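Thanks for coming, everyone. I'll keep this short. Please have a look at the structure first.

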Amino acid sequence: MMSGTRLIALSLVLSATAPAVARAQNPADIAWRQGDLITAERLYAERLAADSSDEIALHRMALMSGWNGHYRQSIGLFDRLLEISPQNWEASVDRARVFAWEGQTKRALTLLDQVLEQQPTYVPALQARALFQSWAGEHGAAMSTYEQIGQIVPENRSIPRERARVLSWSSQLDAAIAIYDSLLETDPADRETRLGLALVLSWADQLDSAAAIYHALLAVDSEDDQALQGLGRVLSWDGDLVGGERYWRRAVAVSPRDVNALAGLAATLRWQGRDAEALGFLVQADSIAPGHGDVRTELQWVRTAVAPRGTIAWVYESDTDGNRISSLMSPVAWRPTPRHELRAMGYLRNLRVTGANPVEYTAYGAQVDGWTQIEPGWEFLLGLGVSGSDAAGTGALGRFSSKISSPGRYPVWGTVAFSHEPLDASALLVQNQVTVDMLSIEARAVPAGGWTVNVSGSYAKFDGSEPNPRRAAFLGVTRRFTRQIAAGTAIRTFGFEKDLNDGYFDPDLYFLGEVNAGWRNQYGKWYAAVALAPGLQLVGKGGDLSFSGRARVALGYRVGPGREVELTGGFSTTGLSMFGSNVGDYRYRTTSLSAGWVF
């Protein structure tokens, strides 16, 4: 939220610091009014060197220092100005703004109250107080302050707009939209109101309506940077990452030093998986405005992606066939350059079968992968490894994997992969030294409206006592209704050529159709997720349809961008093991519990 509120604060500052009387024109003032802040900063610095009491130069240098995140320097300049002119209320209010930008909202409010004790109807101070009250979450107090301002300047259209912003920040989106609509009834061409309405509509997931407003604004002015940024944001949120990137790039072309545009473009690139290119724009933005909230957050995400990282995960699985499987895995990754990554994975797995003939083994393995990315997002992976176990008469088994993926920025994305690996997910599989060679093709389409379509197919050869080919296919359609809720349907099917006794589920036909729904929400650094998938399954060409179901519950804590701890529980009745499959009332069930730490 800070980037949007920062824009509002800057616009208030610029209007508040407009000269009240005509001043002699000079290059610094001209550069200031034209928005050329680099030139203005240099020229005002020269003016201060010549006259350290130049109030205009002190004020504007202090503001520019604050905008660039140099808060201590800004406060120092304001202190010098107020020593010269103690009754400079504009400077007093702007000094309070700097404390708020630094995150000291309470102190900023205290300073504004001191101004209002002497100037109770000073509108810039009241506006700043209402803004900072909303930043502090004091939305009721902010609305009360706006009512006070409205009594002083009832004709000022900016006050209802600011009230609407506060309502939107307090999640009262319908009330905010109503205010914007009422303002547009009296002036349909009001650009600021249309921009405010479009932003709130986008927060309310009315993305098509928001996009229509931005398109209308661009029809009037094709270089409207706020409309370009808004449309880039809306299209990216709607899954059109190519369209979103195009408008973000146009916004950057119009305003190359607009930090919000640079951060927005970087975020869209990051969502495409193009962390290296995103990092370049963020470094540029950080050089312009060190400490900018959105830039800092995006830098954390991107630097996390390109920095060394690791995971420790433990998974325990139990099923009605007596399998008890406990796995410890630890994948790690390191990027010597942002576009090249080395990955390593190691695992240790305890495998037991309980019952009349208990069996227990330990399986282990490791693999090293090399990954690279070529713009605009082509990815290539190649990996080699080895696996083994303590089962008598078994030896080391090699592992191999390769993958090519098309750029995820397009509405249709695809990947082709080939792998060879041991199938060591149960004690019997380890005992029989089953391996799998698999060629798979996967595609994903993201049409408009929150829809996602996933299609995949594979050909695999399971090799234990003898080779056993399997063909599989999957189709899934999902729609995201809100940022927390998604639902859809999925069909998967596969079939083996042979019926063997090697320890894996090998029907001549398996069909599963599911309706799935998922919910995920964030609570500060905590998050929770629930997924349910009831369905129908068919085992074997001569089998009968039966009900199936899957459920998953997760609770996690986000330590930082890309760093989190998660605990997950799962239950499923899908599939059927070879064990007990001919028992009359047999019903296969599996439960799982996992814990993971990404660091």
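Some ground rules. This is a predicted model, so local features need pLDDT of at least 70 and side-chain atom pairs count only at pLDDT 80 or more, while totals for chains, interfaces and linings use all residues. Residues are numbered from 1 along each chain as its sequence is written, and side-chain values use heavy atoms, with hydrogens and water left out.

Salt bridges, then. A salt bridge here is a side-chain nitrogen of Lys or Arg within 4 Å of a carboxyl oxygen of Asp or Glu. The count is 33 salt bridges.

Take D29 and R47. Their closest N and O atoms are 3.4 Å apart. D29 sits in helix 2 (residues 27–33) and R47 in helix 3 (residues 37–50), so the pair links distant parts of the chain, 18 residues apart. Helices and strands are DSSP runs, numbered from the N terminus: H or I of at least four residues for helices, E of at least two for strands. Are D29 and R47 buried or exposed? Both are buried. Buried means under 20% relative accessible area, exposed means over 50%, and partly exposed is in between, with a 1.4 Å probe and protein chains only.

Next, R42 and E46. This salt bridge has its closest N and O atoms 3.6 Å apart. Both residues lie in helix 3, four residues apart, about one turn of the helix. R42 counts as partly exposed because its relative accessibility is 46%. E46 is partly exposed too, with a relative accessible area of 46%.

Now E466 and K498. Their side chains meet at 2.8 Å, N to O. The pair links distant parts of the chain, 32 residues apart. E466 is in the loop between strand 9 (451–463) and strand 10 (467–480), and K498 is in the loop between strand 11 (485–496) and strand 12 (510–523). At 32% relative accessibility, E466 is partly exposed. K498, at 31%, is partly exposed.

There is also a network. Shared partners join E245, R249, R274, E277, R339, E375 and R409 through salt bridges. Look at E375, in the loop between strand 4 (359–374) and strand 5. Its relative accessible area is 27%, so E375 is partly exposed. What does E375 touch, leaving aside neighbours within four places in sequence? The contacts are R274, E277 and R339. Contact means heavy atoms within 4.5 Å.

On to the cores. A nonpolar core is a set of buried Ala, Val, Leu, Ile, Met, Phe, Trp, Tyr and Cys residues joined through side-chain atoms within 4.5 Å. The largest has 99 residues, and Y44, F132 and Y214 touch the most other members. Beyond its neighbours within four places in sequence, F132 contacts A96, R97, A100, T105, A108, L109 and L112. Another core lies apart, with 11 residues, including L429, V436, F494 and L512.

Last, the cavity. A cavity is a set of points on a 1 Å grid, over the protein atoms alone, where a 1.4 Å probe fits but cannot get out; lining residues have an atom within 4 Å of a point. Points join across faces, edges and corners, and volume is the space filled by probe spheres set on them. One cavity reaches 30 Å³ or more. Of the 14 lining residues, S389, L397, P422, D424 and V430 are closest to the centre. Strand 5 (378–389) and helix 19 (427–432) each give two or more residues to the lining.

Terms used
1 Å grid on protein atoms, 1.4 Å probe; cavity = no way out; pocket = protein on both sides within 12 Å on 5 of 7 lines; lining within 4 Å.
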